[in-house]
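Subject: Structure handover and notes

Hello,

Please find the structure below, followed by my notes on what was found in it.

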Amino acid sequence: IRDRIKLSKLFFVEVLGFCCMGNHFHLLVRMRPDKDCSDEALKKRLAVFYDKEPLSYEDGQLPYYREKLTNLSEYVREIKVRFARYYNKRHGRRGYFWGDRFKSVIVEKGETLINCLAYIDLNPLRAGLVDLPEEYRWNSLGYHVQTNNRDNFLSTGFGLKEFNPPSADKCLKSKKERIRRYRRYVYEAGSLN
């Protein structure tokens with residue numbers, strides 16, 4: 001998880017949900033378009049990621065980084081490569097970890113998005129690994145509940161108006177309420193399956 005958090009602060013991505021299972025993982029993200037990536041924001045992210053003072057760039061480097069850091073395929077590739085390196089080193093093995101290219105689907109905002117997120121969070125329940133989805137350490141609902149969304153890794157912008165409580169201050173209370181409403185939704189969605 002720590003590596004994914006670091007990558008999500010480098011790439012122009014909003015992570016809505018995830019679930020890591022024994023032989024696959026699900027990831028629901030919203031990639032920000034390259035036009036939303038200013039030179040200043042790009043330089044700042046690179047400096048934070050590489051733990052260096054602001055870096056100097058030759059002509060032509062920023063467009064390369066802008067294209068890379070707003071690209072879904074590059075984001076997923078980095079996750080897969082980093083995990084394979086970690087796993088191989090830990091278990092004394094070599095080679096690729098996943099054989100196939102990842103599959104991606106464009107999901108519209110609203111009901112479709114929240115249904116997809118609920119499907120992802122219910123994976124460990126359907127697999128019989130836990131009794132409640134938030135008991136699973138390696139999914140987004142478990143991460144929200146068990147760590148209180150440490151490092152603000154996950155977005156709570158679920159895309160549904162009814163998940164956004166009216167609040168004068170957009171602070172912790174409204175985030176907790178969005179999670180509470182999403183959790184209730186997951187239980188309702190789970191009971192239908």
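Two strands count as paired if DSSP finds at least two bridges between them, and helices (H or I, at least four residues) and strands (E, at least two) are DSSP runs numbered from the N terminus. This is a predicted model, in which local features need pLDDT of at least 70, side-chain atom pairs count only at pLDDT 80 or more, and totals for chains, interfaces and linings use all residues. Residues are numbered from 1 along each chain as its sequence is written, and side-chain values use heavy atoms, with hydrogens and water left out.

Strands

E1 and E2 form a hairpin, with four residues between the two strands. The pairing of E1 with E2 (residues 25-31) is antiparallel and runs over seven bridges. Gly17 has Leu28 as its bridge partner in E2.

Helices H2 and H3

The axes of H2 (residues 39-49) and H3 (residues 61-69) come within 11 Å and cross at roughly 75°. Here axes are lines fitted to C-alpha atoms, for helices over the stretch in contact, and angles run from 0 to 180 degrees between N-to-C directions. H2 and H3 are therefore roughly perpendicular to each other (angles under 35 degrees count as roughly parallel, over 145 as roughly antiparallel, 65 to 115 as roughly perpendicular and the rest as oblique). On the H2 side the contact (heavy atoms within 4.5 Å) is made by Asp39, Leu42, Lys43 and Leu46, and on the H3 side by Leu62, Tyr65, Arg66 and Leu69. By class, this contact has five nonpolar, no polar and three charged residues. For these classes, Ala, Val, Leu, Ile, Met, Phe, Trp, Tyr, Cys and Pro count as nonpolar, Asp, Glu, Lys and Arg as charged, and the others, Gly among them, as polar.

Within H2, the residues Leu42, Arg45, Leu46, Ala47 and Phe49 are buried. Buried means under 20% relative accessible area, exposed over 50%, and partly exposed in between (1.4 Å probe, protein chains only). Just after H2, Asp51 takes a positive phi of about 50°.

Nonpolar cores

A nonpolar core is a set of buried Ala, Val, Leu, Ile, Met, Phe, Trp, Tyr and Cys residues joined through side-chain atoms within 4.5 Å. The largest one has 21 residues, of which Phe11, Leu42, Leu69, Tyr75 and Phe153 touch the most other members. Two or more residues come from each of H1 (2-10), E1 (13-20), H2, H3 and H4 (72-91). E1 gives the most to this core, with four residues. Leu42 touches Phe12, Cys37, Leu62, Tyr65, Arg66 and Leu69, not counting residues up to four places away in sequence. A second, separate core of 19 residues includes Cys19, Leu28, Ile179 and Tyr182.

Individual residues

The contacts below again leave out residues up to four places away in sequence.

Ser140 lies in H7 (residues 140-147) and is buried, at 1% relative accessible area. Its contacts are Leu16, Gly17, Phe18, Leu117, Asp121 and Leu154.

Ser155 is in the loop between H7 and H8 (172-192). Ser155 is buried as well, with a relative accessible area of 13%, and touches Glu14, Val15, Leu16 and His144. The C-alpha atoms of Ser155 and Leu16 are separated by 5.1 Å, although the two residues are 139 apart along the chain.

Ala189 belongs to H8 and counts as buried at 14% relative accessibility. Ala189 touches Ala118 and Leu122. Between the C-alpha atoms of Ala189 and Leu122, 67 residues apart along the chain, the separation is 9.0 Å.

Regards
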